[in-house]
Amino acid sequence: MKQRIFILIGMLLAIASHSQTLPPKQLSLAQAMQTAIEKRYDIQANKLDVDIAVNKIGKAKNEWLPTIKADGEVRYNAQLQTMILDGFNNNGGKERIEVGTTNFTTLSMDLSQNIYKPGLKADIHIAEVEKKAEQEKATEKENTIRMQVAEAYLNVLLKQQQLLLIKENTQRYKEYLDVASERKRLGTILETDLLKAQTDLENAKLTEKESAQNYELSMNALRHQMNMKDDIPLALTDSLAILISTHQQAEYPTSMQERPELKQLVFLKEANDLKIKKESYKWTPTLSLTGNYTTLYQAADFKYTASLWTPYNYIGVKASLPITELLRTNTNKKEFQLKASQLDMQYKQKQQDLNYEVSRNQTELWNAADNIQLAEKSLALSRTLHQNQLNNYKHGTVTYSSILDAAATINTAEQNYIKAVYNYLLAYYNFKKLSGFEVSNHH
């Protein structure tokens with residue numbers, strides 16, 4: 001028994017070890033966006049809204065199909081209706097006659113086919129336009145999700161670069177400590193300088209640990225945006241350097257009319273206008289073809305012999321005008337007219353919002369591009385300064401505080417550079433959202 005338990009434990013450990021050594025999933029930014037579109041439940045729910053809208057079109061078209069209804073009735077008359085015939089006999093008396101039969105059974109089939117119903121055509125057109133509005137709504141949601149994934153992906157790259165820089169910073173402090181230890185051995189610095197170098201190194205290690213934790217949190221946030229499990233290892237194939245080299249040029253769309261936010265409002269207004277027209281159609285009568293076939297059985301028993309069934313049928317044209325609906329037409333039309341004004345104002349405001357978004361995004365993109373160039377120059381100068389100060393510190397011509405100042409300068413320059421690249425890419429993908437987020441699969 002113990003041997004079986006050990007074998008089972010060994011198998012579980014082997015499975016756990018295998019799961020830990022699974023290769024990470026290679027993931028580019030474009031793939032991350034596509035994964036989110038495929039896995040997120042809110043995207044799937046929006047697609048169901050489109051399916052529901054398509055079903056409404058079919059439902060409206062089915063109203064043109066003929067209506068066929070079959071009825072069957074068995075009626076037992078416990079007491080027949082009595083008819084009194086006054087002056088029926090020669091003496092001027094009254095004669096009582098019972099009318100009907102005990103068993104009254106009918107089997108019938110009714111047919112109704114619309115010939116002219118203008119409101120029905122309007123319902124079909126309304127359903128078709130509302131489907132287009134739902135499609136634009138789904139597109140808008142997909143663009144929003146893509147932007148959220150882009151922000152999460154870029155944040156991982158930012159945290160990754162910050163972690164690498166902090167690790168380099170930790171290595172610098174190790175080098176400072178080595179130099180301080182050598183100079184203390186030679187007696188050229190005080191004990192307090194050595195202790196300060198040791199303290200700075202420990203603080204740098206703590207900062208590196210915190211940066212690693214922030215990196216893992218950003219990776220979990222990316223998994224969340226894609227609806228992926230936290231235990232799935234990821235290897236991002238894109239980097240800030242790759243993305244910045246790919247997206248140096250950005251051409252803005254000349255027209256905002258194709259934005260899904262605006263197109264959605266256009267279709268909603270079109271559907272509302274059709275509803276106004278539909279109210280006018282209510283003054284037109286509906287014409288339909290009607291028909292009926294009935295077979296009737298009347299007898300005192302329930303034997304249903306074929307000889308006692310008597311059929312009859314008819315065919316006709318029916319015109320109907322809903323009087324009570326006509327009384328509500330003006331009220332309904334007023335509601336739709338108010339809705340049209342509301343949609344028109346929403347369209348104008350959304351147009352202004354998008355124009356401002358374009359203007360702001362252009363400024364952010366240009367500023368970010370300029371900041372990258374400035375940050376590159378500052379980074380190059382700070383690295384030269386740091387190397388000179390480190391050489392001077394090794395030769396004992398500058399104090400430890402001087403090399404710390406140089407380290408702080410290069411650390412700030414490095415952080416400014418990667419933040420400038422991050423801000424440029426964030427502005428770029430905001431631009432992609434403005435242009436419909438047609439992300440090229442360049443990886």
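Reply: Two strands count as paired if DSSP finds at least two bridges between them. Strands themselves are DSSP runs of E with at least two residues, while helices are runs of H or I with at least four, and both are numbered from the N terminus. Keep in mind that this is a predicted model, where local features need pLDDT of at least 70, side-chain atom pairs need 80 or more, and totals for chains, interfaces and linings use all residues. Residues are numbered from 1 along each chain as its sequence is written, and side-chain values use heavy atoms, leaving out hydrogens and water.

Let's go for strand S7, residues 286–299. It pairs with strand S5 (residues 103–116) in the antiparallel sense, over 13 bridges.

How covered is S7? Mostly: 10 of its 14 residues are buried. (Buried means under 20% relative accessible area, exposed over 50%, and partly exposed in between, with a 1.4 Å probe and protein chains only.) Across the protein chain, 35% of the 443 residues are buried. The chain has 10 helices and eight strands in total.

Now for a loop. Arginine 40 sits between helix H2 (29–39) and helix H3 (41–61), and it counts as buried because its relative accessibility is 12%. Its side chain reaches the backbone oxygen of glutamine 225 at 3.1 Å. Arginine 40 also touches Ile145, Gln148, His224 and Asn227, among others, leaving aside residues up to four places away in sequence; touching here means heavy atoms within 4.5 Å.

That last neighbour deserves a glance. Asparagine 227 lies in the loop between helix H5 (191–225) and strand S6 (234–236). Most residues other than glycine have a negative phi. Asparagine 227, though not a glycine, has a positive phi of about 60°. With 32% relative accessibility, asparagine 227 counts as partly exposed.

The expected span is 1.5 Å times one less than the number of residues. For the 66 residues of H9 that should be 98 Å, which agrees with the 92 Å between its end C-alpha atoms. After H9 comes glycine 396, with a positive phi near 80°.

Definitions and conventions. A polar contact is a pair of N or O atoms within 3.5 Å; within protein, one must be able to donate a hydrogen and the other to accept it, and residues adjacent in sequence count only if both atoms are side-chain atoms.
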